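The following paragraphs lead through a two-chain structure, beginning with the contact between its chains and then turning to individual regions. Please keep the sequence and the coordinates at hand while reading.

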Amino acid sequence: MALATFKGGIHPPGRKELSKAHPIERAKPPKQVAVPLSQHIGAPCKPVVKPGDTVKLGQVVGEAEAFVSAPVHASVSGKVRAIAEYPNPMGRLVPCVVIESDGEDAWVDLVEDADYLSLSPERIKEKIRQAGIVGMGGATFPTAVKLSPPKEKPVDVVMLNGAECEPYLTADYRLMMERPGEVLEGLKILMRALGVKKGFVGIEDNKPDAVEAMREAAASLADVEVCPLEVKYPQGAEKMLIKAITGREVPNKGGLPMDVGVVVQNVGTALAIHNAVRYGKPLVERVVTVTGRGVAEPRNLMVRVGTMVSEVIEQCGGLTEAAKVISGGPMMGFALSTLEMPVTKGTSGLLALTEGEVVHARDFKPCIRCGRCVDICPMGLMPSMLSVLSEAGQYEECKDYNLFDCFECGSCAYVCPSKRPIVQFVRLAKSMTKPG
Amino acid sequence: MEAAKSPRELIVSVSPHVKSEDSVAKIMWTVNLSLLPAFAGSVYFFGWRALYVTALCIVAALFGEWLVEKLTSRPMTLSDGSAFLTGLLLGMNLPPSSPAYIAIIGSLVAVMVAKQMFGGLGFNIFNPALMGRAFVLITWPRAMTTWTAPVASLGAVDAQTTATPLGLLKEEGLHKLLEVFGSKSALYMHLFVGNRAGSLGETSVLLLLIGAAILLLKRYITWHIPLSFVATVGVLTWIFGTNPETGGLALFGGDPLIHLMSGGLILGAFFMATDYVTVPTIKAGQVIFGVGCGILTVIIRLWGGFPEGVMFSILLMNCFAPLIDRRMRSRIFGYRKVEAA
Ligand code: SF4
Ligand code: SF4
């Protein structure tokens, strides 16, 4: 039987073998962390501690004031040293709460809730909100917001995204292999919070053992289905995942999954939800795949939020001949300008590429109209036209070619034989115009 | 767009950070390579003259590209293989007896006018090789329609002038063709193998298809244009073909196989009508393009002033390519018609 999928997409080399076989290890407890006050899409947090304060592990250090926001917590116990600015992966400076660890890892009082599956949806959402959970696949949208769809948009399906279609990354894979039960508990909690009868887990078919592990763990659950998916990028993009599993298409021009009755969460997020709702644990750590030929010993590490990237890489033997370090995967991740920057809730991977692997975009050529980008755009756009128009400064005209439906997956730039930086042209045009 | 290095010497550039290995040069040189069988065939069928004419075209094309880029101080693109390809394709489209000036001027027009005057690779509207050929055909019609019979021996000196199968079919009818080639199966065989008069590289269906198969397998071309082009010619020549007895129009009585295997149809459909730059980028548009080429080819072949119509049909459809692309869009993901309130 043909595996579920969507139309378009590309097949970049997976390169998962570098880190795939490494079970998740706990990173060394950091001596100091810098917890960013803005780690998500939405309003930044307001610091609620000041230099000199002592904090416990899991204590709120930044409070969310807006609806689309999530609080941040201390990821070590110790003393607040400063509120200082550090760059985020996009290169912007973000205020961070710098905490020096006392080495105790003394938690705040955690209240376990054995009966977590019979909590009211409201209570579940409240706990998720308080735990500061955001989408951990990289987009970092506050999870509680996603779980509160307006009444006119009834949700009937919850999906866990275990596709992990970005090359190199194996964090979600390891989670599904090692902790399938907890991930599924997270899914059950989500289904309860949304009052939904049907849950899916989508996993790319290049991880048959993960499919197997999840299937085994889900064997007793009649309402949960584990779906192997065709291996292709961007299979893990929300819209593509929903199309592959349910056949439903999220409307273009700003449509959301909830418009077709679906909520999607990453598998890492599901684990965090389980920890939060059952044990009352806030989100203070995450699995990070440290990989690439530029790093000595690729690994999957459980890293505290706020740990310096340099420290994480050091624990993997350090950089060998890395020329480029990327936060996230090679398709949509961000190249870092410095390693003195904290790991955030959205850091799914740290990828070090060597000089030979880096593609230099500066010698791109004119479009030869080969049509490859048109064939593979998962959104059905004409990236060739977007790039040509944007290059010529005709930003408004880009809108005739559905500029704002591009979600910058990078597939077009990957296949382009003229090596055109299409995504960059799209971003430029987006910044020069308004949607509509 | 510059990849900047930070003080710590890390390269910072935008996503995606990995790219496929295909490049323009790789594609162009593969296309050149895929023409090798048919080119070797032309040398076999028409002797060293084939090599001479083609080499002249290639050298002139490379020179033309170099000259324009030198004069306009544009980046040199000789290594990307596209000028080489234009020269090679033009050579394969010329009669074996073409004088040197035709080869040279045709190539210079192709590269300097049809390609570089529009802005170089990616900006030209017309297929450069075909423009070069159209120019020399119109300027030196006599030389461009003098055909020599294949000699199939490298030592042969005196090539005999003769007519192409399509010329015979048009001027004298099918019975003449059968007379010349003996039987229908012999005719098919000659057309398929390439042992017949015609432009240098167009005669061997077999060798051209070997090259085309390489391009299809590497996915450098897709079936959309060649198949729709060839199928349209096949169907229309069957419907509107000539009756072998009377020589007049006979509905559903034509012989599509002769039309498919003669003239420059296979060369044109697989190697010229698939030139990325001058055809639509959208698959549905490519089918329209192919069907359009097919219709025009048949009209010219059956009722026009030339026995052959592939060149003009592709050039004409080239004009419509931008229009087709503008009119047609692929289906946008999640697109819904606005529902009536
Ligand atoms: S145009 Fe946008 S959505 Fe389409 S392939 Fe390119 S980056 Fe992806
Ligand atoms: S892949 Fe590149 S060269 Fe080909 S049509 Fe798209 S933008 Fe143009």
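Between chain B and chain A, about 4,800 Å² of area is buried, and carbon and sulfur atoms give 58% of it; buried area here is the accessible area (1.4 Å probe) that two parts lose on being put together, summed over both. The size of an interface is often given as the accessible area lost when the parts come together. This is a predicted model, in which local features need pLDDT of at least 70 and side-chain atom pairs count only at pLDDT 80 or more, whereas totals for chains, interfaces and linings use all residues. Residues are numbered from 1 along each chain as its sequence is written, chains are lettered from A and ligands numbered from 1 in the order in which they are written, and side-chain values use heavy atoms, with hydrogens and water left out.

To the contact between the chains, chain A contributes 63 residues and chain B 47 residues, where contact means heavy atoms within 4.5 Å. The count of salt bridges between the two chains is 4, a salt bridge being a side-chain nitrogen of Lys or Arg within 4 Å of a carboxyl oxygen of Asp or Glu. One salt bridge joins the side chains of A:Glu249 and B:Arg331, at 2.8 Å from N to O. There are also 24 residue pairs in polar contact between chain B and chain A, both residues being at pLDDT 80 or more. A polar contact is a pair of N or O atoms within 3.5 Å; within protein, one must be able to donate a hydrogen and the other to accept it, and residues adjacent in sequence count only if both atoms are side-chain atoms. On the side of chain B that touches chain A, strand S2 (11-12), helix H1 (24-34) and helix H16 (310-327) of chain B each supply at least two residues. H16(B) gives the most to this side, with 3 residues. Helices (H or I, at least four residues) and strands (E, at least two) are DSSP runs, numbered from the N terminus.

Chain B also carries a nonpolar surface patch formed by B:Val235, B:Trp238, B:Phe240, B:Leu251, B:Phe252, B:Val291, B:Ile295, B:Ile299 and B:Trp303, which together have about 840 Å² of accessible area. Helix H12 (224-240) and helix H15 (283-303) of chain B are the elements that give two or more residues to the patch, and the largest share, 4 residues, comes from H15(B). Patches are made of residues with over 30% relative accessible area and no salt bridge, with like charges joined within 9 Å and nonpolar side chains (Val, Leu, Ile, Met, Phe, Trp, Tyr) within 5 Å; accessible areas come from the Shrake-Rupley method with a 1.4 Å probe, and for residues only the protein chains shown count as cover. B:Leu251 lies in the loop between H12 and helix H13 (256-261) of chain B and counts as exposed because its relative accessibility is 55%. Buried means under 20% relative accessible area, exposed over 50%, and partly exposed in between (1.4 Å probe, protein chains only).

Which residues lie at buried positions of chain A? One is A:Pro36, which counts as buried because its relative accessibility is 3%. A:Pro36 belongs to strand S2 (residues 32-36) of chain A. Leaving aside neighbours within four places in sequence, A:Pro36 is in contact with A:Val72, A:Val94, A:Pro95, A:Cys96, A:Val305, A:Pro342 and A:Thr344. In helix H10 (residues 383-391) of chain A, the buried residues are A:Pro383, A:Ser384, A:Leu386, A:Ser387, A:Leu389 and A:Ser390. Their cover includes helix H9 (372-376), helix H11 (395-398), helix H12 (411-415) and helix H13 (422-432) of chain A.

Most residues other than glycine have a negative phi, and most peptide bonds are trans. The peptide bond from A:Tyr233 to A:Pro234 is cis, with omega near -5°, and A:Pro234 is placed in the loop between strand S11 (224-229) and helix H6 (238-246) of chain A. In chain B, the bond from B:Ser15 to B:Pro16 is cis, with omega near -5°; B:Pro16 lies in the loop between S2 and H1 of chain B. A:Lys253, a residue other than glycine, has a positive phi near 55°. A:Lys253 lies in the loop between H6 and strand S12 (262-266) of chain A and is exposed, with a relative accessible area of 66%.
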